[in-house]
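Take a walk through this structure with me.

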Amino acid sequence: MLLLTFKHVIADFVLQNSWMAIGKDQRKGWALPLLAHCLVHFAVALVLILIVAPRFWFVAVIDFAIHIMVDRAKGFVASRFGVTQELKHPWFWTLIGVDQALHHLTGFGLAIFMAANG
């Protein structure tokens, strides 16, 4: 769990640039920034998993797939309903919180899977 939390902090906050962060939530042109962002998550997860538990390399693929679905859902809601910080939308921080909670629950579920099968 700590490994996947570390991965999330690095990929979501250290390595995500504004093109990814803003672009993936746009109504149009969201696909490339979203893909780039999720590929960063995949790459960091894959490297860390290969170091710690290489037999679970495929967990990085699962994490990628779930991450892209969660972020696309958030982006859809943000663009469809104007949920942005700039517009001071009342749902903005709630949407961010739900997004982050889902990502951490994903990490928790994947960590349980690896621990149970390790």
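In this predicted model, helix α5 has a buried set made up of F92, L95, D99, Q100, H103, T106, G107, L110, A111 and M114. Helices α1 (2-14) and α4 (58-81) are among the elements that cover these residues. Look at the spacing along the list. An α-helix has 3.6 residues a turn, so residues three or four places apart point the same way.

How far apart are the end C-alpha atoms of α5? They are 38 Å apart. The helix has 26 residues, and at 1.5 Å a residue these should span 38 Å, so the two values agree.

Now turn to L105. This residue also belongs to α5, which runs over residues 92-117. Is L105 buried or exposed? L105 is exposed, because its relative accessible area is 56%, and the cut-off for exposed is over 50%. L105 is part of a nonpolar surface patch.

Go inside next. The largest nonpolar core has nine residues. They are L4, A45, I49, F56, V59, A60, L110, A111 and M114. Three elements, α3 (31-52), α4 and α5, each give two or more residues to this core. Which of them gives the most? Helix α5 does, with three residues.

Setting aside neighbours within four places in sequence, I49 contacts L3, P54, F56, W57, V59 and A60.

How many salt bridges does a search of the whole structure find? It finds three.

One joins D63 and K7, with the closest N and O atoms 2.7 Å apart. D63 lies in helix α4 and K7 in helix α1, so this pair ties together parts that are 56 residues apart in sequence. Are these two buried or exposed? D63 counts as buried, because its relative accessibility is 6%. K7 counts as buried too, at 2%. The cut-off for buried is under 20%.

Another bridge joins D71 and K24, and here the closest N and O atoms are 3.0 Å apart. D71 is in helix α4, while K24 is in the loop between α2 (18-23) and α3. The two are 47 residues apart, so the pair links distant parts of the chain. D71 is buried, with a relative accessible area of 1%. K24 is buried as well, at 4%.

The remaining bridge brings together the side chains of K74 and D25, at 2.7 Å from N to O. K74 sits in helix α4 and D25 in the loop between α2 and α3, 49 residues apart. Both K74 and D25 are buried. For D25, the relative accessibility is 16%.

Stay with D25 for a moment. Leaving out residues up to four places away in sequence, D25 touches D71, K74, G75, A78 and S79. D25 and F76 are 51 residues apart in sequence, yet their C-alpha atoms are 6.7 Å apart in space.

Key
Residues are numbered from 1 along each chain as its sequence is written. This is a predicted model: local features need pLDDT of at least 70, side-chain atom pairs count only at pLDDT 80 or more; totals for chains, interfaces and linings use all residues. Side-chain values use heavy atoms; hydrogens and water are left out. Patches are made of residues with over 30% relative accessible area and no salt bridge: like charges are joined within 9 Å, nonpolar side chains (Val, Leu, Ile, Met, Phe, Trp, Tyr) within 5 Å. Accessible areas come from the Shrake-Rupley method with a 1.4 Å probe; for residues, only the protein chains shown count as cover. A salt bridge is a side-chain nitrogen of Lys or Arg within 4 Å of a carboxyl oxygen of Asp or Glu. Helices (H or I, at least four residues) and strands (E, at least two) are DSSP runs, numbered from the N terminus. Buried means under 20% relative accessible area, exposed over 50%, partly exposed in between (1.4 Å probe, protein chains only). The expected span of a helix is 1.5 Å times one less than its number of residues. Contact means heavy atoms within 4.5 Å. A nonpolar core is a set of buried Ala, Val, Leu, Ile, Met, Phe, Trp, Tyr and Cys residues joined through side-chain atoms within 4.5 Å.
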